[in-house]
Amino acid sequence: MELPETIRKRLEGFSRNVLFDQTRMWGFSKENDAVLSHDKRVLSSLPLQMSLYFNMWFFPLWWISETVMLHFKYPFLSDYYKFILVTVLLLMTLFEGIRLYLGYMGNLQEKVPELAGFWLLSILLQFPLILFQLFNEAILIQPLERGVHIVLAIFILTQAVAGFLALRDMVSHTASQFHLRQFD
Amino acid sequence: MSAISSLVPARFLTIIAHLVIVITIFWSRENNVKASLPLEFTQEQYDSEDQKLVVALAVTLGLFAIELSGFFSGVSMFNCSQGLLSTGAHASASVALLFFLFEQWELDIYWAILAICSVLPAVVEIILFVGVFGLKKKPL
């Protein structure tokens with residue numbers, strides 16, 4: 001299952017222009033003038049892949065804990081928080097599934113748009129939701145919830161950092177490949 | 001090796017389950033502290049017992065840090081014996097701590113659980129650290 005073409009183009013443009021400075025990178029790759037043949041370095045990031053793999057195994061544990069805790073505290077919540085928490089749980093499940101799939105595709109197959117999509121989903125959507133779950137005392141945070149949310153927050157943080165590094169390496173590599181191809 | 005491919009996530013999940021229960025006990029330790037005290041107790045007695053439980057939980061977290069650093073750095077991730085020992089120890093710890101929490105056991109029992117189920121894997125982890133970084137043996 002591939003991302004639709006328009007989304008891929010937008011994410012690729014975003015990675016190249018907004019995230020990383022083109023002029024600085026081109027100067028960086030000019031230092032490797034000796035390597036005129038195509039670079040065969042593996043660009044998949046090991047820390048990112050480990051984080052994604054263990055996150056995938058941890059996700060059912062998180063989901064069951066969160067659903068059971070929500071079920072138990074549901075009668076004690078105010079009406080608007082009942083709606084908000086059910087929505088947040090559905091959204092986090094959806095985002096987590098899409099995020100982990102895109103992260104796997106982007107990292108293992110070294111595809112920039114998928115990895116950029118994964119990184120944006122993690123930083124902009126999943127991270128605020130997990131902070132909401134951790135720090136908003138009005139939703140009656142239970143000790144078990146604190147435990148599983150802390151673990152998930154650590155996963156999202158490591159993926160944000162490792163994902164950024166992997167994305168930067170991948171973008172600079174594909175840019176230098178594009179420029180070097182002119183000499184073929 | 002298919003055994004490795006299921007041992008690594010199993011070990012990870014049991015470590016995380018143990019960690020989550022330790023964090024849960026940290027936030028709801030009141031009943032366990034009261035179970036260790038006589039029926040009539042003063043605030044100082046409560047505070048000192050509470051302090052002991054906090055210290056025990058902090059030591060557990062420190063041993064977790066040692067074991068997780070060894071696991072994620074690759075030193076012991078693919079070592080079958082350590083994986084088996086760790087999975088068994090942390091699974092028993094999770095069940096024991098579940099009873100500790102729900103049945104409101106006393107503090108003395110926590111020290112026993114700590115010794116068997118947290119110290120043992122951490123000590124083997126340190127031995128592996130010394131073996132890999134000190135004696136330059138292969139991590140497997």
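Student: What is the relative accessible area of Glu110(A)?

Tutor: In this predicted model, Glu110(A) has a relative accessible area of 30%, so the residue counts as partly exposed.

Student: And where does Glu110(A) lie?

Tutor: Glu110(A) is found in the loop that runs between α4 (79-108) and α5 (112-135) of chain A. Its phi is near 55 degrees, which is a positive value in a residue that is not glycine.

Student: What about Leu140(A): what is its phi?

Tutor: Leu140(A) also has a positive phi, near 55 degrees, and this residue is likewise something other than glycine. Leu140(A) sits in the loop between α5 and α6 (143-180) of chain A.

Student: Why does Leu140(A) count as partly exposed?

Tutor: Its relative accessibility is 34%, and so Leu140(A) counts as partly exposed, because that class covers values between the 20% and 50% limits.

Student: Changing topic, what is the secondary structure of chain B?

Tutor: Chain B has five helices and zero strands. Along the sequence, the pattern reads α-α-α-α-α.

Student: What does the C-alpha trace of chain B span?

Tutor: Along the principal axes, the trace of chain B spans about 55 × 30 × 20 Å. Of the 140 residues in chain B, 43% are buried. Chain B exposes about 7,200 Å², with 70% of that supplied by carbon and sulfur atoms.

Student: Which share of the contacts in chain B joins residues at least 24 apart?

Tutor: The share is 81%, taken among contacts between residues at least 6 apart in sequence.

Student: Now the interface. How many residues of chain B are in contact with chain A?

Tutor: There are 15 residues of chain B in contact with 14 residues of chain A. The area buried between the two chains is about 1,200 Å², and carbon and sulfur atoms give 88% of it. Phe12(B), Val20(B) and Trp27(B) supply 34% of the area that chain B buries against chain A, more than any other three residues.

Student: Which helices of chain B each supply at least two residues of that side?

Tutor: They are α1 (2-27) and α3 (43-72) of chain B. The most comes from α1(B), which gives eleven residues to the side that touches chain A. By type, the residues on this side of chain B are twelve nonpolar, three polar and no charged.

Student: How many salt bridges are counted between chain B and chain A?

Tutor: The count is zero salt bridges. Zero residue pairs in polar contact are found across the interface either, where both residues must be at pLDDT 80 or more.

Note on methods: Residues are numbered from 1 along each chain as its sequence is written. Chains are lettered from A and ligands numbered from 1 in the order in which they are written. This is a predicted model: local features need pLDDT of at least 70, side-chain atom pairs count only at pLDDT 80 or more; totals for chains, interfaces and linings use all residues. Side-chain values use heavy atoms; hydrogens and water are left out. Contact means heavy atoms within 4.5 Å. Buried area is the accessible area (1.4 Å probe) that two parts lose on being put together, summed over both. A salt bridge is a side-chain nitrogen of Lys or Arg within 4 Å of a carboxyl oxygen of Asp or Glu. A polar contact is a pair of N or O atoms within 3.5 Å; within protein, one must be able to donate a hydrogen and the other to accept it, and residues adjacent in sequence count only if both atoms are side-chain atoms. Helices (H or I, at least four residues) and strands (E, at least two) are DSSP runs, numbered from the N terminus. Ala, Val, Leu, Ile, Met, Phe, Trp, Tyr, Cys and Pro count as nonpolar, Asp, Glu, Lys and Arg as charged, and the others, Gly among them, as polar. Buried means under 20% relative accessible area, exposed over 50%, partly exposed in between (1.4 Å probe, protein chains only). Accessible areas come from the Shrake-Rupley method with a 1.4 Å probe; for residues, only the protein chains shown count as cover.
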